[in-house]
Amino acid sequence: MTRSKQVLILTALVGMMVAVAGAADPKTVKMEGSTTVGPIADAYTEVFKRMYPNVTITVNKTGSGNGAAAIVDSRCDIANMSRFMKIQEFKDAVAKGVMPVAHAIAMDGVCVIVHPSNPVSVLKTEQARNIYTGKITNWKELGGADRKIVVVSRDTSSGTYETFEKLVMAKQKMAAGVQYVASNPEAHATVKSTVGAVAYIGLGFVDKDVKALKIDGVMPSRKTIAKGEYPVSRPLFMFTNGYPKLGSIVHALVTFHLTPKGQDIIDAKGFVPVTDY
Amino acid sequence: MAAATDFDRPLLLTPGQDMLGWITLRVGLTLLQFVALTCVLSVLFIFIFIVKEALPFFTSGQVGEMFSSAEWYPTSDPAAFGVWAMILGSVYVTVGAMVIAVPLGLLAAVFLSDIVPFGIRQVVKPVIELLAAIPSVAYGFFAVLVFAPWLQDNLGVDSGKNILNCSIILAVMAVPTIVSISEDALSAAGRDLREGAYALGATRAEALCMVVIPAAGGGILSGVILGMMRAIGETMLVWMASGNANQIPHPWYDITQSVRTMTATIAGEMGETAKNTTHYHALFAIGLVLLAITFGLNLTSEALMTRGRGRPGTARRKA
C-alpha cells in the first residue's frame, strides 16, 4: 500500500518534471549568425518580448558561417545569414537530418554617395572598385572636377563593408589611403562636409545632403533594390530546420517581415523590405 | 563637568576594551591592505590578461610581418597583420601634439608661476585644469564637425580628418597636464633660488631661463611625458578625427594626410571581431605594444620625477 503510494508520487513527480521541461523548451528561441541580420533580429526580440512576455529569444552575432554551422548541429532554431547556404553546408545539414529552409526577410542595398556639388552621377561597378583600390585617384578621370578623391569606407567589421567588399571589390584589397569611419551617419557626415569625398552607406541613410550615384546605370531606390536591379544589393536570410510549425514563435519570427511593424524595423535599420510593391 | 568625567576615566583598559582595540586595529589594517592589494592586483591582472590573449598571435607565425609590414587586412583571405603603419600613425599624432603642446604648456606654466600676479594665477590655473575634465568624445565632435570642415575651407586640404587636425586637438588635451605639473615644479623651485639669482645680478629673464627652469627641469619633463601618454593613449578623438587610413604618409612631412593609430584600431575593431580568431589575438598584440610604450614612458617619468624632487631640495640646503 505505502509502496504503491510512493511509486504513485514518484511517477507524478517525474511526470511534472517532464511536463515542465516540455513546456519550457519552446519558450527559448535561439538565433545565431550574421552580424548584418543581427540588428534586425535584436529589434524583433524587443517587440516579441512585449508580445510574448514568457518567451526568451537569444541573438548571437557570430557571422553567417557560424549561423550555418549552428543550424546544421541543431544548436539554434534560426540561423541568420547574409548569404545563401553553401552546397557543402547544405549537404552537411541533410546528412544530419536537418532540412534548411530559407526565408528572405529583407534586401540589403548599399549606395555609393558623393558631395551634392559633385558633377559625377554615374559609376560602373568597375570604376567604383578602381576608386577603392586606388587606381582612380582624381575626379577628373571620371568626368568631374580636377580634385583628389577622398575615399571613405566603413570599418572592416561592419556588415555594410562586407556587402560592399563582396559585391564591388571582387576580392581586391582596398588601398592604404582609404579612410575608415565607424557608422553610417559618420560616413554621411564626412561626405556632406567634404567636397571630394566618396563613401557607401545603407539606403536608409541617403538624404538630400548627399548624392547617391547610379551604379551601372541603375539608381538605388527601394524599388530597384527590392526587385534586384540595383547591382550592390543582396537578400538577407533566416534559415530554419524545415518550415516552422505554423503558429509557433519561430514561425512568427521568420514571417515578421511581412507585418507592418516588421517592415518598419527593417526600414529603420537601413534595409529594404522585400515587400516593396 | 565634562572635564571631570574625563579625569574620572580609569587609565587601565579593561580586558574587553583591550581586546576590542586590538581587533579594530587588525580589521582596519587587513581592510586597508586588501584595498591596496586590489589596486596592485588589478594592474597585474590587466597585464596578465593582455599577454595571455596576445600570446596565440605571437606563436602563430604571423608575428614576423607585424613589425615589418604596413598591410593590415585582418578580414581578407589571406589576412595580413602588419601594424607598422599604425605604430607610425601613433607616433605622428603624438609628436605633432607635443610640438604644439610643449612650448605652449611650458610658457603658460612659467607665466603662471613667475609673471602673473598670484590672485590671477589662482583663477587661471584651475580653469586650465578644467580642460582636462572635458570628455574626449566632446573634443572629437568639435574636431569632426567644426575643425575638419574649417581646415578644408581655409587650408584647402582634401580631407580635414588628418594628422594636423588630430595633433592640434590632442595638444589642447595634453596642455592642462603639462601646465599643471610644470607649474607645480616651478613653484616648488622656491623663492630663495630666485632671490639668489637676483642677488647675483641676473635679470628676471636670466633667472628664469638659467636658474629656475633648469632647477625644475625634472618636474617639467615628467609633466611633458605625462602629457605625451595622454596623447598616445587617446582613443576616441583619434578614432573620430584621424581618418583611420592605414597608410604611412608620403612624403613623410605631409601632415594633411590621414593616418590610423593603434588605439583607434583596437577600439574600432574589437567589438565585432569573433573571439579567439587570429584577428582577435592580433588586436591584443597591438594592445601589448601600446602597453609597453606607455609603461616605458611612465617609468621614465617616475625616474625624472624623483630626480626633479631631489634637485631644488639640494639647492635649498646649500643656500
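On helix α10 of chain A, the face turned away from the buried side carries the exposed residues A:P260 and A:A268. Helix α10 of chain A spans residues 260-268, and its buried residues are A:G262, A:I265 and A:I266. Viewed down the axis of α10(A), these buried residues fall within an arc of 95°, so they line one face of the helix. The elements that cover them include α2 (38-51), β4 (100-114) and β12 (272-273) of chain A. After α10(A) comes A:G270, which has a positive phi, near 90°.

A:G134 follows α5(A), and the phi of A:G134 is positive, near 90°.

| α10(A) | A:G262, A:I265 and A:I266 | 95° |

**Confidence and make-up of chain A**

The mean pLDDT of chain A is 86, and 90% of its residues reach 70 or more. Among the elements of chain A, helix α5 (residues 125-133) has the highest mean pLDDT, 95, whereas helix α1 (residues 2-24) has the lowest, 53. Over residues 18-25 of chain A the pLDDT stays under 50, and for these residues the model has 0 contacts beyond four places in sequence. Where pLDDT is low, the predicted coordinates should not be read in detail.

The secondary structure of chain A comes to 10 helices and 12 strands. Of the 277 residues in chain A, buried residues make up 44%. Among the contacts in chain A with a separation of 6 or more, 72% are accounted for by residues 24 or more positions apart.

**Domains of chain A**

The domain assignment gives chain A a domain 1 (2-107 + 234-273) and a domain 2 (108-226). The centres of these two domains, taken over C-alpha atoms, are separated by 35 Å. In the contact between them, 11 residues of domain 1 of chain A meet 14 residues of domain 2 of chain A. On the side of domain 1 that touches domain 2, β4 and β11 (233-241) of chain A each supply at least two residues. By class, that side of domain 1 has 5 nonpolar, 4 polar and 2 charged residues.

**Nonpolar cores**

Which residues have the most contacts inside the largest nonpolar core? They are A:I78 and B:L170, in a core of 125 residues. Helix α7 (residues 163-188) of chain B gives the most to this core, with 14 residues, and the core also draws at least three residues from each of domain 1 and domain 2 of chain A. Leaving aside neighbours within four places in sequence, A:I78 is in contact with A:V29, A:M31, A:M238, A:F239, A:T240, A:V250, A:L253 and A:V254.

The contact between the chains takes 23 residues from chain B and 18 residues from chain A. On the side of chain B that touches chain A, α6 (136-155) and α12 (262-270) of chain B each supply at least two residues, and the largest share, 3 residues, comes from α6(B). By class, this side of chain B has 8 nonpolar, 11 polar and 4 charged residues.

From C-alpha to C-alpha, B:G28 and B:T273 are 45 Å apart in space and 245 residues apart in sequence. B:G217 is found in helix α10 (residues 217-233) of chain B and, with 17 other C-beta atoms within 10 Å, is partly exposed. B:G217 and B:L186 are 31 residues apart in sequence, with 8.5 Å between them in space, C-alpha to C-alpha.

Definitions and conventions:
Residues numbered from 1 in each chain as written. Chains lettered and ligands numbered in written order. Predicted model: local features only at pLDDT ≥ 70, side-chain atom pairs only at ≥ 80, totals over all residues. Contact = placed C-beta atoms within 7 Å. Helix = DSSP H or I, 4+ residues; strand = E, 2+ residues; numbered from the N terminus. Nonpolar A, V, L, I, M, F, W, Y, C, P; charged D, E, K, R; others polar. Buried ≥ 20, exposed ≤ 12 C-beta atoms within 10 Å, placed from the backbone. Arc of directions from axis to C-beta. Domains from an automatic or database assignment. pLDDT = per-residue confidence, 0-100. Core = buried A, V, L, I, M, F, W, Y, C linked by C-beta atoms within 7 Å.
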